[in-house]
Amino acid sequence: MDKHRTRAAVLAGVAGHVPPGTVTNAELEARLDTTDEWIRSRTGIAERHTVPPGTATRELAVEAGRLALKSAGRDSVDAVVLATATPDRLCPATAPEVAAALGLGPVAAHDVAAVCAGFLYALSSGVGAIAAGFAEQVLVIGAETFSAIVDPEDRNTAVIFGDAAGAVVLRAGDPDEPGAIGPIRLGSDGTHSDLIQIPAGGARQRSTGTVPEASDHHLQMQGRKVYRHAKERMTQAALDVLERSGWTVEDVDRLATHQANARISEAVADELGVPRDRVLSNIEHVGNTSAASLPLLLADSATEGRLRPDDRVLLAAFGGGLAWGAASLTWPDVTAFAAHTYRG
């Protein structure tokens, strides 16, 4: 535990939410140059969930937030932090609308944009607000509707991404109690910002006065380079957090990585020396849900009994930016809510 911290943010509630619509590999196989075997062997994904027309990120965030508050036994917080790469609008932020929809009143609310690493960045913001005394309890949400930004005809991205939301409630507490968020390590490298991007729609493109190509409005990703950076960055951040936590690799009961790709999660575990049977995963049923990935994974794992009180959990995430992070905590005795079921 960080010896300089005297007041900690403690995880008091966790929940996940996925929309009911699913896109199976068989459906993608019927319209793209791909196969179920190729998708499973390259990504570990069997299906992903998508929102119906007219549903946006706010609705997913509100449902996950509502369930997380229920999990924590609370009906109020002092702040809301929403991690998302798919805000409902470029301006304003989505978080204030989420807070209003949850009936939380005029609390502080803001978005965090760090793509697939967004949840750990938002978690850091919540931890900082509590540590500084700005807040006693914070709702941290990761929510995404990537179906709105992925080209359905792009085999490189359409098979990977899905829509979902996850959320945790943090409360002020003691650094030594279960659930206390331990050291957090964050990093970035903007020299590789083109590896994961949507070229059109931002000030850089608009300021040129040119009309973008239709494909520039969709997510573009250079998968092979992303794989290498993801493995290296998450591994190093996780090692840094282990050292700052005073843990060894053998102390880690569960490794929870951003669900980008099953091969990346396994590669990070192998690099760290964490046995694969300690690696949490739900990517088979949800795909890559970006900022929603980690809280959804925690909620699913806790409800399914794969994550138990007193488990030492190491978290790691990586995404566009490039941005990455890692964190640790000892899992608390909380009742997680994941009001969804997956196919067999």
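Predicted model: local features only at pLDDT ≥ 70, side-chain atom pairs only at ≥ 80, totals over all residues.
Strands of a sheet pair through backbone hydrogen bonds, in either the parallel or the antiparallel sense.

Of the eleven residues of helix 11, ten are buried, so the helix is largely enclosed by the rest of the structure. The buried residues include the run of Leu296, Leu297 and Leu298, and among them are also Asp300 and Ser301. Just after helix 11, Gly305 adopts a positive phi of about 80°. In the loop that leads from helix 11 to strand 12 lies Asp310, which has a positive phi of about 80° although it is not a glycine. Asp310 is exposed, its relative accessible area being 53%.

Strand 12 (residues 312–319) is mostly covered, with seven of its eight residues buried. Strand 12 pairs in the parallel sense with strand 11 (residues 254–257) over four bridges, and in this pairing Leu255 stands opposite Leu314. Strand 12 also runs antiparallel to strand 13 (residues 323–330), to which eight bridges join it, with Gly319 placed opposite Ala323. The hairpin formed by strand 12 and strand 13 has three residues between the strands, and within it Gly321 takes a positive phi near 145°. The bond that joins Gly321 to Leu322 is a cis peptide bond with omega of about -10°, and Leu322 belongs to the loop between strand 12 and strand 13.

Leu322 is also one of the residues touched by His229, the others being His192, Leu195, Met234 and Phe318 when residues up to four places away in sequence are not counted. His229 itself is found in helix 8 (residues 223–245) and is buried, with a relative accessible area of 6%.

Two further backbone exceptions occur elsewhere in the chain. The peptide bond from Cys91 to Pro92 is cis, with omega near 5°, and Pro92 is placed in the loop between strand 4 (79–83) and helix 4 (95–101). Val115, in the loop between strand 5 and helix 5 (118–131), has a phi near 50°, which is a positive value in a residue other than glycine.

Of the open spaces, the largest pocket contains about 1,100 Å³. Its lining comprises 39 residues, of which Ala85, Leu90, Gln197, Ile198 and Ala200 lie nearest its centre. Strand 5, strand 9 (196–197) and helix 7 (203–206) are the elements that give two or more residues to this lining, and helix 7 makes the largest share, with three residues. By class, the lining of the largest pocket has 20 nonpolar, 14 polar and five charged residues.

The second largest pocket has a volume of about 660 Å³ and is lined by 28 residues, with Ile160, Met221, Gly223, Arg224 and Asn261 closest to its centre. At least two lining residues each are supplied by helix 2 (36–43), helix 6 (155–158), helix 8, helix 9 (262–272) and strand 12. The largest share, five residues, comes from helix 8, the helix in which His229 is found. The lining of this second largest pocket has 16 nonpolar, eight polar and four charged residues.

Terms used:
Residues numbered from 1 in each chain as written. Heavy atoms only, no water. Buried < 20%, exposed > 50% of the residue type's maximum accessible area, 1.4 Å probe, protein only. Pairing = 2+ DSSP bridges. Contact = heavy atoms within 4.5 Å. 1 Å grid on protein atoms, 1.4 Å probe; cavity = no way out; pocket = protein on both sides within 12 Å on 5 of 7 lines; lining within 4 Å. Points joined across faces, edges and corners; volume = space filled by probe spheres on them. Nonpolar A, V, L, I, M, F, W, Y, C, P; charged D, E, K, R; others polar.
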